[in-house]
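Subject: The two-chain model and what was found in it

Dear colleague,

I am passing on the structure that we spoke about, with the sequence and the coordinates together. Please look at it first, and then read my notes below.

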Amino acid sequence: MIESTTDVGVPDSPDPWSGPSRLRTIRESAVSLFLLVCAAITVLTTAGIIVVLGVESLAFFRTSGISLFDFLGGAELKPDGEPPKFGILPLIWGTMVVATGSAIIALPIGLLSAIYLSEYAHHSVRAVLKPALELLAGIPTIVYGYLALLLVTPVLKAIFAPWGIDVATYNALSACIVVGVMIIPMVSSLSEDVLSAVPRGLREAGYGLGATKFEVSTRIVLPAGLSGVVASFILALSRAIGETMAVVLAAGMRPQITLNPLTSIETMTTYIVAVTNGDAPYGTPKYLSLFAVGITLFAMTLTLNIFSGLVLRRYREVYQ
Amino acid sequence: MSREVRGTYAPHRYTRMILGPLFGVACFLATITGVVVLSVLLGSVIAAALRRPDGPPWYALGTNATELYHFLASLVSKSQSSDPTAAGFRIGIVGSLWLLGMVAVFAIPMGVGAAVFLEEFVRPGRLRRVIQTNIANLAGVPSIVYGILGLTLFVRGFGYKSFAMGRSLWAGSLTLSLLVLPVIVIATQEALRTVPQSLRQAALALGATRWQMIRDHVIPSALPGILTGTILSLSRAIGETAPLLMVGAAGSIGVLPKGPSDRYTVLPVEIYNYAKSPKVPFQTVTAGGILILLALLLTMNATAIIIRNRYGSSARG
C-alpha cells in the first residue's frame with residue numbers, strides 16, 4: 001500500500017515528449033530539398049533551351065558570315081548551293097500556310113463542337129463524346145502524317161484530276177487538312193472548359209427574357225467566355241506552327257514561296273528534321289542553321305503562348 | 001396604340017424558329033467530325049494493313065480479323081528489313097518499351113515532386129508565379145525544340161566528350177522526360193488542388209509533419225488524378241517521333257538494346273522510315289505498325305480515362 005503511493009509521480013520517469021526526432025528533421029529538410037530540385041529542373045530546362053539555341057545560333061552567324069538581316073529577310077534557301085543561301089522566308093511562308101490552312105479548318109469546327117458539348121449535348125451524349133475527343137487528341141502526329149499519304153492526297157488527286165490540275169504527292173493542302181483535324185480536339189476541349197464555366201444564372205436570365213437556345217449560346221455564353229475561346233485559338237495556332245511529323249509526311253521538303261497549295265512546301269520544323277537526317281557534319285553552316293531556324297520557331301511559339309495567357313488573364317470575366 | 005407598336009415589334013418568329021435547330025445541327029455535325037475522323041482513320045489503316053491481291057472481301061469480317069491478328073503477330077516478331085515481306089517492328093517495340101520504362105523512372109518522380117513543391121511547399125508569391133508561368137510556357141514548346149535541346153545537351157554533351165551520351169537510350173529517355181515533365185506537373189497540380197484542405201488540417205493536427213501529411217494523406221487522395229495525368233503523358237512520350245529522330249533513334253539497327261547505354265530505335269521512328277519508302281508493299285507494313293502503335297496508345301489512354309471517371313468524383317470528396 002505504501003509502495004503504491006510512492007509509485008505515482010516518480011521524479012526520474014521519462015518525459016513523454018521526446019523532442020523533435022533528429023532523423024525526422026533531417027528527412028523533412030532532405031525531402032524539401034529534393035522537391036526544390038525537381039521544381040528547379042523545370043526552370044533549368046527553359047534556361048537550357050535558350051542557352052543552347054542562343055549559343056549555337058551565334059555560332060551559325062559567325063561561321064556562315066550571314067548577317068541577321070540576310071537570314072530573316074532572305075527569300076532563298078539553298079544550304080547546298082554555291083555560295084549557300086540561308087534565307088528563312090520560304091520556311092516562314094510554309095509554316096504560315098500550314099498554320100492558316102489548318103486554322104481555317106479547325107477553329108470553326110472546334111468552336112461549334114465546344115458550343116455543342118457545353119450547351120446542347122445531353123449529359124449522356126457528352127459522357128461518350130468527350131472521352132472520344134480525348135482519344136483523338138492522344139493519337140500521335142505520325143499517324144496523321146501517314147493518313148495524309150494514304151487517304152487525303154489520293155482523294156485530293158481524284159478530286160482535282162478531272163480539271164486537269166496536277167496535285168503533287170507531297171502538298172501543302174493535305175498538310176493543312178491533317179494538321180487542322182489534329183488540332184480540333186485542342187480547340188474544342190479548351191473552349192468547352194471555358195464555356196461550361198459561364199454561370200448558369202446568365203443563361204437562365206436569357207431564357208427568362210425569352211431568348212432561344214441559339215441566342216443564349218451565341219449572344220450570352222460565347223461573349224462571356226470569349227477570352228478563353230480566343231486563348232484556345234492562339235494555342236492551337238502555336239501547336240500548328242510547331243507541328244512536325246504530320247507536315248514532314250504530308251507537305252514534303254521543298255522550300256518555296258508559292259500561293260499554290262497543291263505543291264510541296266517546307267516548314268521550319270521539317271527543315272530541322274531534314275538537316276538532322278542529312279549528312280551535314282557538325283560545325284558546318286548548314287548544320288548550325290538548324291539552331292537559327294529553331295530559335296525562330298521557339299520565339300514564335302513562345303510569343304503566341306504568352307499572348308494567349310495574357311488574353312486569358314486580362315479579358316477574363318470574373319463571376320462570383 | 002397596338003397598331004403603332006406593331007411597326008417596331010419584329011419577333012422574327014419564323015427565322016428564330018429555323019435558325020436555332022439549324023445551328024444545333026451544325027454544332028452536332030462539328031462534334032461528330034472527331035468521331036468520324038477516328039473511324040475513317042482506323043478503317044483506312046486496317047484496310048491498308050489487309051491490302052493484298054487475293055485477300056478475302058471486306059465483309060468477311062471473321063477471316064479478316066484472324067488474318068489481321070496473324071499479320072500483326074508476325075510484324076511483332078520480325079526485325080527491320082528492306083524486304084517488305086521480312087520487315088517488322090520487333091526492335092522498335094522493344095526500344096519503345098525501354099524508353100517508356102526509363103521515362104517513367106525519370107519523369108514521374110520529378111514531375112510529381114515539382115508539383116508537390118509548388119502546391120504544398122511554396123506560399124503563393126513571386127517564386128511560385130515565376131515557376132508556374134515557366135511550366136505553362138514549357139508545355140507549349142514544340143517537341144522538336146526539345147529534340148534540339150537533347151541533341152546538344154545529352155547526345156553531344158555541349159561539346160564536352162565526357163558528358164556526351166551519344167545516341168543511347170540515356171539521351172533519348174532524358175530528352176523525352178524533359179518533354180513530358182510539364183504535362184505531369186500540371187496534371188498533378190490539378191489533382192492536388194482537389195484534395196480538401198480539411199484533410200491536411202486533420203493530419204497536421206494529429207502531429208504529422210508536412211512530409212508525412214503529403215505522403216500518407218494528400219498524395220493517396222490525389223492518386224487517381226496523378227495516375228491519369230501520368231499515363232496520358234507517358235502515352236504522349238510513346239507516340240513522339242520528331243525529338244527522337246533528332247536524338248538518334250533514326251538509324252537502322254539490327255540488334256536489341258541490352259542496356260541503357262546501347263543504341264536503339266523506337267516504333268514511331270520505324271513507322272516513319274517505312275512510310276517514307278517509295279515501295280508500295282511497305283504500305284501494308286506501315287499500316288500494321290500504326291495499328292500496333294494505336295493499340296498500345298488507345299489502351300493506355302482508355303485506362304487513364306477509366307481511372308479518372310471511376311475515381312475522379314470520390315477524390316473530390
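The notes below go from the confidence scores to each chain, and then to the places where parts touch.

This is a predicted model, in which local features need pLDDT of at least 70 and side-chain atom pairs count only at pLDDT 80 or more, while totals for chains, interfaces and linings use all residues. Residues are numbered from 1 along each chain as its sequence is written, and chains are lettered from A and ligands numbered from 1 in the order in which they are written.

Confidence

The score called pLDDT is the predictor's confidence in each residue, from 0 to 100. Chain A has a mean pLDDT of 85, with 93% of its residues at 70 or more, and chain B averages 83, with 92% of the residues scoring at least 70. For the complex, the predictor gives an ipTM of 0.86 and a pTM of 0.86. Over residues 1-8 of chain A the pLDDT stays under 50, and the model has zero contacts there beyond four places in sequence; two residues are in contact if their C-beta atoms, placed from the backbone, lie within 7 Å. Where pLDDT is low, the predicted coordinates should not be read in detail.

Chain A

Chain A holds 13 helices and two strands, where helices (H or I, at least four residues) and strands (E, at least two) are DSSP runs, numbered from the N terminus. Chain A has a radius of gyration of 29 Å, well over the 20 Å that the globule rule gives for 320 residues, so chain A is more spread out than a compact globule. The radius is taken over C-alpha atoms, and the globule rule is 2.2 Å times the number of residues to the power 0.38. Along its principal axes, the C-alpha trace of chain A spans about 115 × 65 × 35 Å.

Of the 320 residues in chain A, 46% are buried; a residue is buried if 20 or more other C-beta atoms lie within 10 Å of its own, exposed if 12 or fewer, and partly exposed in between, with C-beta atoms placed from the backbone. Why is helix 12 of chain A described as largely enclosed by the rest of the structure? Eight of the ten residues of this helix (residues 268-277) are buried, and that is why the description applies. Among the buried residues are Met268(A), Tyr271(A), Ile272(A) and Val275(A). The buried residues of helix 12 of chain A pack against several helices of chain A, including helix 4 (89-120) and helix 13 (285-314), and also against helix 6 (143-155) and helix 10 (242-246) of chain B.

Chain B

Chain B has twelve helices and zero strands. Its radius of gyration is 26 Å, whereas a compact globule of 317 residues would have one near 20 Å, and its C-alpha atoms fill a box of roughly 85 × 65 × 40 Å along the principal axes. Buried residues make up 42% of the 317 residues in chain B. In helix 6 of chain B, 13 of the 13 residues are buried, so this helix is largely enclosed by the rest of the structure. Just after helix 6 of chain B comes Gly157(B), with a positive phi of about 60 degrees.

Chain B is divided into domain 1 (10-77) and domain 2 (90-316), with bounds that come from an automatic or database domain assignment. The C-alpha centres of these two domains of chain B lie 30 Å apart, and their contact takes ten residues from domain 1 and eleven residues from domain 2. On the domain 1 side, helix 3 of chain B provides the largest share, five residues.

Ser77(B) lies in helix 3 (residues 61-77) of chain B, and it counts as exposed because it has 10 C-beta neighbours inside 10 Å. Not counting residues up to four places away in sequence, Ser77(B) touches Gly88(B) and Arg90(B).

Between the chains

How many residues does each chain give to the contact? Chain A and chain B give 69 residues each. On the side of chain B that touches chain A, helix 2 (residues 13-50) of chain B gives the most, with 18 residues. By class, that side has 48 nonpolar, 18 polar and three charged residues, where Ala, Val, Leu, Ile, Met, Phe, Trp, Tyr, Cys and Pro count as nonpolar, Asp, Glu, Lys and Arg as charged, and the others, Gly among them, as polar.

With best wishes
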